[in-house]
Every structure is written in C-alpha cells, then in structure tokens.
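These are my notes from one sitting with a structure, kept in the order in which I looked things up.

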Amino acid sequence: MRAGFPDFRLGNVLATSFTATLTERHGNAVERIPTPQRLVDWLAVNGLAVDSCTTAQLELARELRESIHAAATATAIQDALPASAVQIINDCSIRGRAAAILTPESNRQWRLSSASCVEDALSVIAADAISILAGERDGKLALCASPTCQAAFFDTSQSRTRKWCDMNTCGNRQKKARFNANQRKNGTAARTGGV
C-alpha cells in the first residue's frame with residue numbers, strides 16, 4: 001500500500017468492499033481512494049488489475065460506489081431502490097468487457113479486456129452488486145450499527161444478525177465505548193457510594 005493513505009477495508013464481497021472505500025459516512029468521512037492511482041491499487045488488491053486510471057474514471061468509480069451504497073442501503077432497510085442508482089449500476093455493468101475464467105485450482109478469476117481499463121473492472125463490481133441486490137446469493141444486506149459508519153455489508157452469518165461491518169474496527173470501537181462508559185459509571189458510583 002502507498003504510504004500516507006488509510007488502509008483498505010477488504011471483505012469477502014467485492015461490491016460491499018468497494019463501498020467501504022468511503023468509510024465513516026456519518027462522521028468524519030474517510031476517503032480511501034482519493035487519487036486515480038489509489039483506485040488502481042484497490043483494484044489490483046481485489047484481483048482487477050488495470051494499467052492506469054484517469055480522473056474521469058475515478059469519478060465514475062465513485063459514482064458507482066455511491067450508487068451501490070444507496071441501493072444496498074435501500075435493500076437493507078427494505079425500501080425501494082433509487083432509480084438513479086439502478087441506472088448507474090446497470091450502465092457500469094454493460095459498459096465493460098470482463099469475462100469470468102476458471103483457474104486450474106477451480107477458482108473463478110476475472111479477465112479484463114486487453115486494454116485492462118477501469119470500465120472493465122467497474123463492470124465486474126457492478127455485476128457483483130447486481131447479484132447481491134437481486135438476492136441471488138445466500139445472505140442479506142445490512143447496515144453497520146455504528147452511528148458514524150452505517151456501512152452496507154453482506155451478512156452471511158448463520159443467524160443473519162451481524163451488527164458490524166467489521167468487528168475489528170466498528171465492533172471493537174463500540175465495545176470499547178461501552179466498556180469506558182461502564183468504567184466511568186462504576187467509578188462515579190464507587191466514589192459517591194463511599195462518601
């Protein structure tokens with residue numbers, strides 16, 4: 001990873017991992033793809049290596065990211081999908097020339113066009129979002145319980161009751177806040193009870 005940028009939050013689901021390139025949406029937002037090169041880095045980490053990225057392609061990627069987040073949020077709260085988000089997701093899906101290939105290890109891998117352009121990679125992300133939003137995969141879309149995060153994530157837990165987008169970040173932060181609040185409450189009670 002390039003120094004000076006926040007770490008990527010990687011998950012098991014491409015589309016929701018992509019929406020996690022903007023975190024703390026309801027607090028002090030953290031942009032994890034602030035430059036075209038940073039998008040190239042994120043795509044490479046996720047098996048979608050591209051040669052380069054322009055500022056216009058970065059803006060298209062962010063537009064797709066926000067559309068996926070809007071549609072995932074609507075799905076999680078059982079609301080109607082925003083028509084503009086659906087249009088952008090569909091447009092990105094049909095724009096690229098990516099193909100799924102099977103590796104000798106029985107894994108699916110994406111092969112982008114010979115030009116390895118950003119639009120091809122975005123079409124893969126859009127197709128992944130469509131698969132989730134259409135209910136084709138086992139799991140459900142949910143929103144992080146952190147009031148500052150509210151990230152959309154794909155819950156594949158057995159009970160489908162996961163609360164946090166990532167236990168190592170939002171979950172631990174909330175547990176620590178509860179612990180500190182209890183410590184303050186217990187410390188105050190101990191001081192006032194002994195007087």
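What percentage of the 195 residues in the protein is made up of buried residues? I find that buried residues account for 39% of them, and I note at the outset that the model I am reading is a predicted one.

**Overall layout.** I counted six helices and six strands in the secondary structure, and reading along the sequence I wrote down the pattern α-β-β-α-α-α-β-β-α-β-β-α. I then looked up the contacts in the protein with a separation of 6 or more, and found that 55% of them are between residues 24 or more positions apart.

**Helix α4.** Next I listed its buried residues, which are A85, I88, I89 and C92. Because these cover an arc of only 95° around the axis, I place them on the same side of α4. The general rule behind such a pattern is that an α-helix has 3.6 residues a turn, so residues three or four places apart point the same way. The buried residues of α4 pack against α3 (55-76) and α5 (118-133), while the face turned away from that buried side carries the exposed residues A83 and I94.

**Residue A99.** I looked up A99, which lies in strand β3, residues 99-102. Is A99 buried, exposed or partly exposed? Its relative accessible area is 36%, so I record A99 as partly exposed, given that this class runs between 20% and 50%. Leaving aside neighbours within four places in sequence, I find A99 in contact with Q109, W110 and R111; of these, R111 is 12 residues away in sequence and 5.3 Å away in space, C-alpha to C-alpha.

**Largest pocket.** I noted a volume of about 340 Å³ for the largest pocket, with a lining of 17 residues, of which G11, N12, F153, R162 and C165 lie nearest its centre. Both α1 (14-19) and β6 (152-155) supply at least two lining residues each, and β6 gives the most, with three. By class I have eight nonpolar, six polar and three charged residues in this lining.

**Second largest pocket.** Here I noted a volume of about 290 Å³ and a lining of 16 residues, with L14, R108, W110, V124 and D128 nearest the centre. The elements giving two or more residues to this lining are α1, β4 (108-111) and α5, and the largest share, four residues, comes from α5. The lining divides into six nonpolar, seven polar and three charged residues.

**Cavity.** How many cavities of 30 Å³ or more does a search of the whole structure find? I find one, and the largest cavity has a volume of about 40 Å³. Its lining consists of A15, T16, I68, A72, A129, I132, L133 and L141, with α1, α3 and α5 each giving two or more residues and α5 holding the largest share, three residues. I close with the classes in the lining of the largest cavity, which are seven nonpolar, one polar and no charged residues.

Notes
Residues are numbered from 1 along each chain as its sequence is written. This is a predicted model: local features need pLDDT of at least 70, side-chain atom pairs count only at pLDDT 80 or more; totals for chains, interfaces and linings use all residues. Side-chain values use heavy atoms; hydrogens and water are left out. Buried means under 20% relative accessible area, exposed over 50%, partly exposed in between (1.4 Å probe, protein chains only). The arc is that of the directions from the helix axis to the C-beta atoms. Contact means heavy atoms within 4.5 Å. On a 1 Å grid over the protein atoms alone, a cavity is a set of points where a 1.4 Å probe fits but cannot get out, and a pocket is an open set with protein on both sides within 12 Å along at least five of seven lines; lining residues have an atom within 4 Å of a point. Grid points are joined across faces, edges and corners, and a volume is the space filled by probe spheres set on the points. Ala, Val, Leu, Ile, Met, Phe, Trp, Tyr, Cys and Pro count as nonpolar, Asp, Glu, Lys and Arg as charged, and the others, Gly among them, as polar.
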